[in-house]
Amino acid sequence: MKCQAAILRGVGHEWGVHDIDLDPPGAGEVLVKMVSAGICHSDDHFATGDTVPSADLAELMRAGGALVPDLFPLLGGHEGAGIITEVGTGVTGLKSGDHVGISFLPACGNCSWCVSGQSYLCDVGARINDKAMTTDGTTRRHFDGEDLMAMMQVGTFAEYVVASARSVIKIDESIPFDAAALVSCGVPTGWGSATISAQTAPGDTVVVIGTGGVGMNAVQGARAAGAKVVVGVDPVEAKRDMAPSFGATHTCPSAVESLDLVRELTRGVMADRVIITAGVVHADLIPVSMALTRKGGTCVLTGIVPIEELSVPLMLAEMTYSHKQLKGVLYGGMNPRASMPMLLSMYQSGALKLDELVTRRYRLDQINEAIADMRAGRNIRGVIQFPQD
């Protein structure tokens with residue numbers, strides 16, 4: 001079948017909306033008609049080159065045994081929700097007509113990571129940046145005579161998605177599709193960064209650096225975990241103005257400027273938890289974040305550092321003497337099949353704000369406008385809405 005999709009041809013290019021060819025779902029796969037797709041900064045990292053290695057770095061990575069896939073042309077998008085229209089052979093628990101949220105992290109349920117509660121590290125998920133399906137190693141998406149890579153094996157910037165059944169999670173029909181799309185990535189990544197990975201405790205002082213679609217949920221998570229003080233740091237005034245409605249007790253325009261504020265609030269002790277959720281994290285932000293972290297405290301790195309920034313200035317002796325932790329985090333340390341239902345249940349009970357995260361909605365052909373708004377900090381979360389029959 002043919003459908004329209006947003007395609008990126010390479011670093012520095014704009015997105016183009018084109019017709020692509022989709023093969024029917026194979027064994028263990030489903031076809032989803034998209035209704036909503038969230039726009040995450042991770043979608044933009046390919047266009048800016050933040051996650052695309054140079055030729056020299058790619059060669060070094062291959063020498064170390066790493067898989068370096070051919071990324072372009074790329075079908076973008078990894079947050080979303082829609083309705084199943086077809087299921088492949090062998091699929092159980094899902095049927096045509098089911099409402100589903102998209103999980104950019106497929107989970108096999110069998111590998112050592114999955115069975116130990118770390119499905120965000122699933123062995124199947126290690127192949128999400130590959131043109132071939134994780135199900136059988138063949139391709140389903142084609143564009144302009146080439147096989148097409150779908151971001152995170154889903155590619156939600158398209159009218160239809162062919163994905164492994166492991167990449168979709170059934171949701172109740174009463175859940176709005178926008179809400180389901182948001183809990184695909186940004187919400188659990190932020191919430192989990194504050195609650196699970198940082199292990200925020202009652203009475204803590206927490207600093208969240210970057211209050212966009214991920215960071216604002218770290219703010220929500222920190223307050224829900226009982227933090228006494230939550231400082232939301234963001235250069236965009238509109239985001240700082242919104243942060244208190246999500247649980248921030250204080251705001252600041254930069255991490256450097258927050259040093260004095262946190263020092264005053266904690267009488268020199270500094271923050272128990274620091275969570276870095278900026279859209280792009282440059283290496284020079286790390287030492288400032290560690291300075292914000294108290295002795296024995298935890299600094300969580302959630303945002304993406306450009307892949308070519310290999311040197312990070314750190315006072316390693318201070319980490320040892322002060323027993324500080326700098327911790328990398330994927331998906332907030334949450335597990336999609338558990339976190340999506342949990343967060344949607346909290347949303348239904350009024351304990352989690354999702355509707356308020358959506359700043360603006362777009363058509364698919366407005367994708368470049370949506371990306372520009374995200375880069376400029378005009379949105380907490382932008383959402384693409386697809387027309388329905």
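This is a predicted model: local features need pLDDT of at least 70, side-chain atom pairs count only at pLDDT 80 or more; totals for chains, interfaces and linings use all residues.

Student: Which elements do the buried residues of helix 9 pack against?

Tutor: They pack against strand 12 (205-209), helix 8 (255-265), strand 15 (271-276), strand 16 (293-301), helix 10 (316-321) and strand 17 (325-328). The buried residues themselves are Leu 285, Ile 286, Val 288, Ser 289, Met 290 and Leu 292. Because six of the eight residues of helix 9 (residues 285-292) are buried, this helix is largely enclosed by the rest of the structure.

Student: How should I read the angle between two helices, for instance that of helix 5 and helix 11?

Tutor: The step of reasoning needs a cut-off, which is that angles of 65 to 115 degrees count as roughly perpendicular. Helix 5 (residues 186-197) and helix 11 (residues 336-349) pack at about 90 degrees, their axes being 11 Å apart, and therefore the two helices are roughly perpendicular to each other. On the side of helix 5 the contact is made by Val 187, Pro 188 and Trp 191, and on the side of helix 11 by Ser 339, Met 342, Leu 343 and Met 346. By class, this contact has six nonpolar residues, one polar and no charged.

Student: What is the angle between helix 1 and helix 12, and which residues meet there?

Tutor: Helix 1 (residues 41-48) packs with helix 12 (residues 367-375) at about 100 degrees, with 11 Å between their axes, so helix 1 is roughly perpendicular to helix 12. Here His 41, Asp 44, Ala 47 and Thr 48 of helix 1 meet Ile 371, Met 374 and Arg 375 of helix 12. The classes in this contact are three nonpolar, two polar and two charged residues.

Student: What is the idea behind a nonpolar core?

Tutor: In soluble globular proteins, nonpolar side chains tend to be buried together. In this model the largest nonpolar core has 84 residues, and those with the most contacts inside it are Phe 157 and Leu 354. Strand 3 (residues 29-39) gives the largest share of this core, namely six residues. If we set aside residues up to four places away in sequence, Leu 354 touches Ala 179, Leu 182, Val 183, Val 187, Leu 344 and Tyr 347. There is also a second, separate core of 23 residues, which includes Cys 252, Ala 255, Val 262 and Val 288.

Student: How many disulfides does a search of the whole structure find?

Tutor: A disulfide is a covalent bond between the sulfur atoms of two cysteines. The search finds zero disulfides. Cys 108 is in none, and its nearest cysteine sulfur, that of Cys 122, is 3.7 Å away, whereas the cut-off for a disulfide is a pair of sulfur atoms within 2.5 Å. Cys 114 is likewise in no disulfide, with the sulfur of Cys 122 as the nearest cysteine sulfur, at 3.7 Å.

Student: Is Asn 379 buried or exposed?

Tutor: The cut-off for buried is under 20% relative accessible area; Asn 379, at 8% relative accessibility, therefore counts as buried. Its place is in the loop between helix 12 and strand 19 (381-385). Apart from neighbours within four places in sequence, Asn 379 is in contact with Lys 239, Thr 359, Arg 360, Tyr 362, Ala 370 and Asp 373.

Technical notes:
Residues are numbered from 1 along each chain as its sequence is written. Side-chain values use heavy atoms; hydrogens and water are left out. Axes are lines fitted to C-alpha atoms, for helices over the stretch in contact, and angles run from 0 to 180 degrees between N-to-C directions. Helices (H or I, at least four residues) and strands (E, at least two) are DSSP runs, numbered from the N terminus. Angles under 35 degrees count as roughly parallel, over 145 as roughly antiparallel, 65 to 115 as roughly perpendicular and the rest as oblique. Contact means heavy atoms within 4.5 Å. Ala, Val, Leu, Ile, Met, Phe, Trp, Tyr, Cys and Pro count as nonpolar, Asp, Glu, Lys and Arg as charged, and the others, Gly among them, as polar. A nonpolar core is a set of buried Ala, Val, Leu, Ile, Met, Phe, Trp, Tyr and Cys residues joined through side-chain atoms within 4.5 Å. Buried means under 20% relative accessible area, exposed over 50%, partly exposed in between (1.4 Å probe, protein chains only).
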